[in-house]
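Here is a short report on one side of an interface between two chains. Look at the sequence and structure first, then read on.

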Amino acid sequence: MATSPANGLPRWEADPILIVEHLFMRFGGLIAVNDLSFKVGRGDITALIGPNGAGKTTVFNCITGFYKPSEGRLILAHGRAPTPEEIAEVTRIGERSLVGREAGVFLLERMPDYLVSGGAKVARTFQNIRLFTGMTVLENLMVAQHNALMAASGYSLKGLFGLPGWTRAQKAATAKAEYWLDKVGLTDRADDPAGDLPYGAQRRLEIARAMCSEPILLCLDEPAAGLNPRESLELNTLLRAIRAEHGTSILLIEHDMSVVMEISDHVVVLDYGTKISDGTPEAVKNDPRVIAAYLGVDEDAVEEVEAELKLDTNPTGAGA
Amino acid sequence: MEIFVQQLINGLTLGSIYGLIAIGYTMVFGIIGMVNFAHGDVFMVSAFIALICFLLVTTVMGITSIFLALAIVLVVAMVFTSLLNWAIERVAYRPLRGSFRLAPMISAIGMSIFLANFVQVTQGPRNKPIPPMITDVIVLMDNGSYQVTLAWKQVIIMVITAALLGGFWYLVQKTSLGRAQRACEQDRKMAALLGINVDHTISLTFVIGAALAAVAGTLYLMYYGVANFADGFVPGVKAFTAAVLGGIGSLPGAVLGGLLIGLIETFWSAYFSIEYKDVAAFSILAITLIFMPQGLLGRPEVEKV
Amino acid sequence: MAVQTADTAPPAAANPVLGPAFKDALIVGLIALGLFGPLIGFETVIIDGALGLAYRPSLLAIMVGIIFFGRLLLNVTLWSPNRKPSTHTGPTLFDRAGTVMGPGVKPALLAFAVLFPAIAIFSLGGLNESRYLIDLGILILTYVMLGWGLNIVVGLAGLLDLGYVAFYAVGAYTYALLATSAPINDFFAGLFGATFWANWAFWICLPMAGIFAGVWGMILGFPVLRLRGDYLAIVTLAFGEIIRLVLINWVDFTNGGAGIASIPRATFFGIPFNAGPDGFAALFGLPFSPMHRIVFLYFVILALALLTAFVTVRLRRLPVGRAWEALREDEIACRSLGINTTTTKLSAFATGAMFGGFAGCFFAVRAGFVSPESFTFDVSAMILAIVVLGGMGSQIGVAVAAAVMMGGMEMLRNLGFLKQIFGNDFDPSLYRMLIFGFAMVAIMVWKPRGLVSTRDPTIFLKERKAVSGDLVKEGHG
């Protein structure tokens, strides 16, 4: 899955959808992200992991436009991997993006948050769920299709008079919402307020809502947090289905190692804002620096650590 | 040059009064995150209490020493205004704590309207003038045609303001009350878990704010020699502007902001147009909030995602 | 002034109610004495040019007595520790009225509003006799419309606007200035005849007033929409005051505090309401009555208010309306879904302002006179109070709140019989704002979420279920 047969390179090298280059984020004197570079493969499920306070959510906020990075370049590629010339060109001309017929290059660090989602098609969820609690489940999914519906309603003019073009668009949007409700198993609760749903259902609804905005890259901030094992399993199935049926690439932050190791094709490990490991789940979980970072021990104690972590496919350690 | 110095003195005097009112805004905002809309009217009520007390002391009790009279008026105004603000918090704001966010603000607007009209109904709509007191001035400069004077009452205002601020600063920084107050500002729930009586602390904040407003009200009455029921709203908004300009939540900021607003207003009136002096103050409020919402001495807010 | 003190009495079987109740009432009475003592006990009066004091001990005693005995009574009855606490929770009567009875209530209210002039005329036995009631109806409908307009901004988009009166003023002055402008009059006089502008000014200016106010909404809104709730409220308040101060001080343009008088009256689509041969009465073969114009104005404001309601209901079901409500719920989530929050907020601000402008234009044509005095902060506070009392976002709640508030204020104006109790110096209209302010506080304490707190969803798959008010957020930006 993770390697492209053409040239033996892993897919995140051969066909990246997102390239993070030398990302820095400073808050006053604090450096939250320090010279971080990594790539996310098209069609991959990529996990961004690291101990608490490693700067994962900050990276997410930079990618999705909520923070403006202090330095660095965030390249999002539509269609195919961009050539270095294309990247250089869009960087030089100072535009936010360069979109051709079958490919597009977006520089996310130049875009405000709503354009990252609306234009570059990067959707996200939040660590502390952010649903529109006072609106119904269905309404949540309709809001997610705002930009498409706004155009269809003729910026409200057509909609105000109930013209047929708008009615059709509204029907199509409802159908899409129903599709996603079915996908996340919330059809029965479509007319209930989102705030009334149990926690696990709220997490699924947030993912469905993000998917309703038709992203090419879906960023999930701790999607399994607070889920019970069964829900966690359902989440894995859902994410795999999203990738398989919609071709959406997924970037997720997760603490639950069973989820990470189970579904990801590619893992990037952060600690203190820098990357300490990057590779397949196999490679990463055997990386002594990762283990040390997670438990805060010397590399000498790795073996002991592995026993505790129950990650021991290779008892002698030192895989990477 | 002479005019400039004179305006500087006048501006600092006015600014001291604004600063005293601004502290009430900034403390309440700091501790419960609400704009206490009624604070300007509390200030106005305090001026009336001072007025009534002054008349009682001078005409009925026959005290002739102006300084003794002033001291009595100051204390009485502080006591009664504190009681008023304590009751306002109890009746209009405390039941709404933890309710939805607009509720206390709207309640405060209602309270502001109530106070202004209560004074109008009980004391009448007309201006209430008192004879000028402490009319002595110190002539600082004299170029023959224009005298720069420093009135004794201006000195009194600045000295009282400075002394109170010093005491107040000590209270907030060094005493356990101040510590409790700062803890409640940071995290009310945690403070309560640590055994701080949050209700009590908030009540005290209102009481202190009112006491300072009462000082401002007394000094205002002494300086301008007049009280009117409608005099709460505009000074209130200006003091709020001062609190915002200085950085809301910051005590030195409130004083700095008050002085700046006082100076801007006096210079604007002297050099541009007196008609538009309130427009100038309101514009500063808008401009500050739009371009520098953290104010001069406030901490910038980072949006949490 | 009910000051709630902690109930220390344990809920034992035979509680000594009277003792603690008396003690508590005594404390509250003493506090009341402290609060009222200076301002009620003494009155500053000007005697022979100098300020002196008059004493009102009896009034003070009455006030403190009322509070003492009121508190005592409450302590013994409603707040008695022996009384079982009310367990009633769930939707209130009004909530149910808003949802379950909704389908029936709305047409009934609408029918009443349409038939109101006829009812008034028949029940009071004549056109002229009904003038007062119809005028009151016009006033209430004006505030219903203003409430609905502000409801878009505050109730739907969750943006606290304390300067809404500015747009009302912009609408009113747009009409007043354009309609009384001599150059425009001369221009049209040359084209269509001398009376053209006087007869048509209102109908031409009405849309312009709305557009102007909307544009002003955008101009004022653009810089401030990044601000969070309280700051936004204060800045909008400042803008409202700036506009009023400019109206007062820019005498060349607005005639300052004296205002603009003799503004052309409303016409029946170009036909003036006068006794002349081309007037409304003559053309329709009716005996002339000045009431024709008043009744017509009633229907104009009714139509304008219904237009506001119709547009709002429609917009709520469009993406822009859903985006407004989503913005109120969670601005950050909106941004993560590609919604441009600045333009969305601006559209809410401009739409609300536009309806304020319409209402302002109507105000000018009804009164025939505008001055800055009509556009004080109190009006903004009143409209906001209507929106909040109605329940933010609820159309029917706002309409009921407007009727209750404005009707109540009007009633206070007419409490003439109180003069017999309090003597001839007693002027009940003085107490209007006093009671209004007190009512605002009381309503907030009693029902912070207003009469109708449930939210009606804009779309549903199977069943329309009202959303409980506890889940609906009030906005933070």
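This is a predicted model: local features need pLDDT of at least 70, side-chain atom pairs count only at pLDDT 80 or more; totals for chains, interfaces and linings use all residues.

Residues 279-297 of chain B are 68% helix and 0% strand, with end C-alpha atoms 24 Å apart. Helices (H or I, at least four residues) and strands (E, at least two) are DSSP runs, numbered from the N terminus.

The unreviewed UniProt entry annotates both spans as "transmembrane region", among others including 66-88 and 100-119. Such annotations may be inferred rather than shown by experiment.

## Where chain B meets chain C

In chain B, 67 residues are in contact (heavy atoms within 4.5 Å) with 68 residues of chain C. The buried area is about 6,000 Å², and carbon and sulfur atoms give 77% of it. Buried area is the accessible area (1.4 Å probe) lost on putting two parts together, summed over both. B:Phe100, B:Arg101 and B:Ile290 supply 11% of what chain B buries here, more than any other three residues.

## What lines the chain B side

Elements giving two or more residues include helix 2 (39-60), helix 4 (102-123) and helix 11 (277-291) of chain B. Helix 4 gives the most, with 17 residues. The side divides into 48 nonpolar, ten polar and nine charged residues. Ala, Val, Leu, Ile, Met, Phe, Trp, Tyr, Cys and Pro count as nonpolar, Asp, Glu, Lys and Arg as charged, and the others, Gly among them, as polar.

## Reading notes

Residues are numbered from 1 along each chain, and chains are lettered from A as written. Local features need pLDDT of at least 70, and side-chain values use heavy atoms, without hydrogens and water.
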